[in-house]
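Subject: Structure for your review

Dear colleague,

Please find below the structure that I am handing over to you, followed by an account of what was found in it.

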Amino acid sequence: MPHWPAPTFERTRHYHEALRQAGAEPLVVDGPQLPDEAAGLVLPGGVDVDPQRYGETVGPETQPPHEARDDHEFGLLAQALERDIPVLAVCRGHQLLNVALGGSLIQHIEGDGHRHAESGGALSGWHEVSLSEDGSLLANVYGKGRELRVNSRHHQGVTSDTLSPQLKAVGYSPDGLVEAAESGSHRWVVGVQWHPERPEMRPAADRLFEAFVEACRARD
């Protein structure tokens with residue numbers, strides 16, 4: 001995992017706990033190089049990706065760019081994809097994966113359907129995600145055609161129109177956002193817009209981390 005601290009009301013330790021529960025030991029990466037011993041890469045949630053990365057200016061609702069974090073995580077992702085090691089991209093990570101592979105983002109989703117509760121801050125919103133019927137990686141984890149109840153803590157998103165041509169949408173929210181996507185040219189690359197690491201999503205989401213760890217072990 002990259003070393004950047006989680007924003008307010010996010011907890012990096014939740015990722016570490018989920019990975020350890022699945023049988024892996026997290027490796028925090030501070031420098032620009034993905035260590036040789038890294039068997040996979042988790043891209044966590046966090047601040048908005050700089051819109052300049054997909055050819056747009058910063059919109060009025062978009063957070064100020066964090067250039068150092070963007071540089072670091074885009075660089076680690078490029079190395080992971082080059083080495084074809086598993087990637088699990090969560091929330092910001094899902095969006096970053098899409099941008100890195102040539103897609104773009106909706107800079108602000110109108111309404112509160114995908115955001116956490118403003119009054120409590122730590123509370124997640126909730127909605128359904130419909131998984132595709134085909135043999136995708138997520139369908140293998142949860143079962144094809146499943147309806148998942150997921151937490152939601154984002155104000156930007158990916159649509160069919162902004163999705164990278166290198167990714168395949170495998171999960172949609174009721175309002176049509178791409179909530180899960182996978183690479184068709186890599187062994188195991190999955191992006192999810194929700195937060196499977198958070199306690200309210202577990203133990204049901206443990207199987208996603210278990211599948212990621214199993215794919216990491218398969219490299220050997």
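Let us begin at the end of helix 1, which is followed by G23, a residue with a positive phi near 100°. Please bear in mind throughout that this is a predicted model.

Helix 1 itself covers residues 12-21. Its buried residues are H14, Y15, H16, A18 and L19. These buried residues pack against strand 1, strand 2 and helix 5. Once its neighbours within four places in sequence are set aside, H16 is in contact with M1, P26 and V28.

The nonpolar cores

Which residues have the most contacts inside the largest nonpolar core? They are L88, L138, Y142, W188, V192, W194 and F212, in a core of 32 residues. Two or more residues of this core come from each of helix 1, strand 2 (87-90), strand 3 (125-131), helix 4 (137-142), strand 4 (147-152), strand 7 (189-192) and helix 5 (206-218). Helix 5 gives the largest share, seven residues. Apart from this core lies another, of 27 residues, which includes V29, F74, L105 and L167.

Leaving aside its neighbours within four places in sequence, L138 is in contact with L131, G143, V170, A180, E182, V190, V192, W194 and L208.

Helix 5

Helix 5 has 13 residues, and at 1.5 Å a residue it should span 18 Å; the C-alpha atoms at its ends are 18 Å apart, so the two values agree. Within helix 5, the buried residues are D206, L208, F209, A211, F212, V213, A215 and C216. An α-helix has 3.6 residues a turn, so residues three or four places apart point the same way. The buried residues of helix 5 pack against helix 1, strand 1, strand 2, helix 4 and strand 7.

The second largest pocket

How much space lies in the second largest pocket? The value is about 320 Å³. This pocket is lined by 19 residues, and the closest to its centre are A24, E25, L27, A39 and G40. Strand 1 (41-43) and helix 5 each supply at least two residues of the lining, and the largest share, four residues, comes from helix 5. By type, the lining divides into 14 nonpolar, two polar and three charged residues.

Loops and backbone

P51 is placed in the loop between strand 1 and helix 2 (67-83). Is P51 buried or exposed? P51 has a relative accessible area of 0%, and for this reason it is buried. Leaving aside its neighbours within four places in sequence, P51 is in contact with E56, T57, V58, T62 and Q107. From P51 to G93 there are 42 residues in sequence and 14 Å in space, taken C-alpha to C-alpha.

E67 lies in helix 2. With a relative accessible area of 57%, against a cut-off of over 50%, E67 is exposed. E67 and D50 are 17 residues apart along the chain, and their C-alpha atoms are separated by 7.3 Å.

Two residues other than glycine have a positive phi. The phi of D84 is near 55°, and D84 is placed in the loop between helix 2 and strand 2. D84 counts as partly exposed because its relative accessibility is 28%. C91 likewise has a positive phi, of about 55°, and lies in the loop between strand 2 and helix 3 (92-100). C91 counts as buried because its relative accessibility is 5%.

Finally, the peptide bond from R202 to P203 is cis, with omega near 15°. P203 is found in the loop between strand 7 and helix 5.

Yours sincerely,

A colleague

Notes: Residues are numbered from 1 along each chain as its sequence is written. This is a predicted model: local features need pLDDT of at least 70, side-chain atom pairs count only at pLDDT 80 or more; totals for chains, interfaces and linings use all residues. Side-chain values use heavy atoms; hydrogens and water are left out. A nonpolar core is a set of buried Ala, Val, Leu, Ile, Met, Phe, Trp, Tyr and Cys residues joined through side-chain atoms within 4.5 Å. Buried means under 20% relative accessible area, exposed over 50%, partly exposed in between (1.4 Å probe, protein chains only). Contact means heavy atoms within 4.5 Å. On a 1 Å grid over the protein atoms alone, a cavity is a set of points where a 1.4 Å probe fits but cannot get out, and a pocket is an open set with protein on both sides within 12 Å along at least five of seven lines; lining residues have an atom within 4 Å of a point. Grid points are joined across faces, edges and corners, and a volume is the space filled by probe spheres set on the points. Ala, Val, Leu, Ile, Met, Phe, Trp, Tyr, Cys and Pro count as nonpolar, Asp, Glu, Lys and Arg as charged, and the others, Gly among them, as polar. The expected span of a helix is 1.5 Å times one less than its number of residues.
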